[in-house]
Amino acid sequence: MSKVILITGCSSGLGISLAVQSARAGHRVYATMRNLAKRDALDTAASDAGVSIDVLQLDVQDTVSVDVCVDAVLNDAGRIDVLINNAGAGFVRSTEQASEADVQWVMDVNFMGVVRCVKAVIPHFRKQRSGHVVSISSVGGLVGQPFNEIYCGAKFAVEGYMEAMASYISPSFGINFTVVEPGGITSEFASSVLKQVEETGGMLEDEYLPILQKYVGGSQNRQSGGDIYQTADEVAQVVMGCIASDTPPIRTRTSQWGEAFCGLKTDLDPDGKKLQHHVIAQFLS
Ligand code: NAP
């Protein structure tokens, strides 16, 4: 069935793959980005794939921009079936090295951005008695990793936020919630993180430096080989499976590496459905 899909963060990486694969699957796609001057890569990918995609401005850090965009889609298409919260940004610094402004920015983009978009679409989903919110989290939303405590904190927040809504909004109003937990994705993401580190004073000379160098050096090796990294197209295929399903998972990893890495937390309940029923039984039955 053709769905109306709204996607955030479509100027690069996974957002482009999600938009193109959604359109290829026959869905009506509203691909959004905060800066429309960056739409060329999406336009080229859509033209190469022979698909048509509507492109709109949406900055997840700006409530007015989110609300205006959601209203525009509703006016144009009459409905929204799927919201994909894809926009996000990485951040690599220890808590001691991060400024309060850094922390607020990471939380704003990665967590508040999701909340703003959900707040905008959920009244329509509730009236429709249907809808699917998909949020691109990370294995870092399940497992804390070195120098990523601020980013992981934001992705853990997304996971808790989505999990809580799945416990009462799903059974009451027929709205599905899915968090997607990729490992590494070959995209602009890592270079944007390094650029952000450089722009905020580079690697600081302190006791963390040798540990950070070990982490960053290892990260470069991990990108050049091994099975941690997937292409954006591979991750998008997993998301397409979730959107197509009548009973989508509440959480899903996107690779065998991710499954193994998170296994200590997820093996007992890989798709989050047992936990959902456990919470409903505890509080709502
Ligand atoms: P990417 O290529 O850096 O894309 C991130 C997208 O988010 C870009 O389109 C960026 O737009 C957008 N964005 C940033 N701030 C925004 C804002 N305020 N409003 C709207 N859009 C904004 O990285 P990616 O790998 O495709 O990341 C997609 C998602 O996957 C993110 O949620 C990320 O956390 C998650 N993820 C990534 C990895 C990885 O290794 N890459 C691993 C696990 C999870 P601009 O071009 O304007 O900056």
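View 1. A polar side-chain atom of Ser187 sits 2.6 Å from an oxygen atom of the ligand, a polar contact (N or O atoms within 3.5 Å). This is a predicted model, so local features need pLDDT of at least 70 and side-chain atom pairs 80 or more, while totals for chains, interfaces and linings use all residues. Residues are numbered from 1 along each chain, and side-chain values use heavy atoms, leaving out hydrogens and water. The side chain of Tyr151 also has an N or O atom 2.7 Å from a ligand oxygen. For Phe189, a polar backbone atom lies 3.5 Å from an oxygen of the ligand. Of the 890 Å² of accessible area that the ligand has on its own, the protein covers 93% (Shrake-Rupley method, 1.4 Å probe).

**View 2. His27 sits in a loop.** You'll find His27 between α1 (13-24) and β2 (28-33). His27 counts as buried because its relative accessibility is 13%, and the cut-off is under 20% (1.4 Å probe, protein chains only). Its side chain reaches the backbone nitrogen of Lys3 at 2.9 Å. Leaving aside neighbours within four places in sequence, His27 is in contact (heavy atoms within 4.5 Å) with residues including Met1, Ile5 and Ile243.

**View 3. Asp102 lies in helix α4.** That helix spans residues 100-128. Asp102 is buried too, at 11% relative accessible area. A polar atom of its side chain is 3.0 Å from the backbone nitrogen of Ser99. Beyond four places in sequence, Asp102 touches Phe91, Gln97, Gln196 and Thr200. Phe91 is 11 residues from Asp102 in sequence, and their C-alpha atoms are 8.5 Å apart.

Conventions: Helix = DSSP H or I, 4+ residues; strand = E, 2+ residues; numbered from the N terminus. Buried < 20%, exposed > 50% of the residue type's maximum accessible area, 1.4 Å probe, protein only. Polar contact = N/O pair within 3.5 Å; in protein donor to acceptor, adjacent residues only side chain to side chain.
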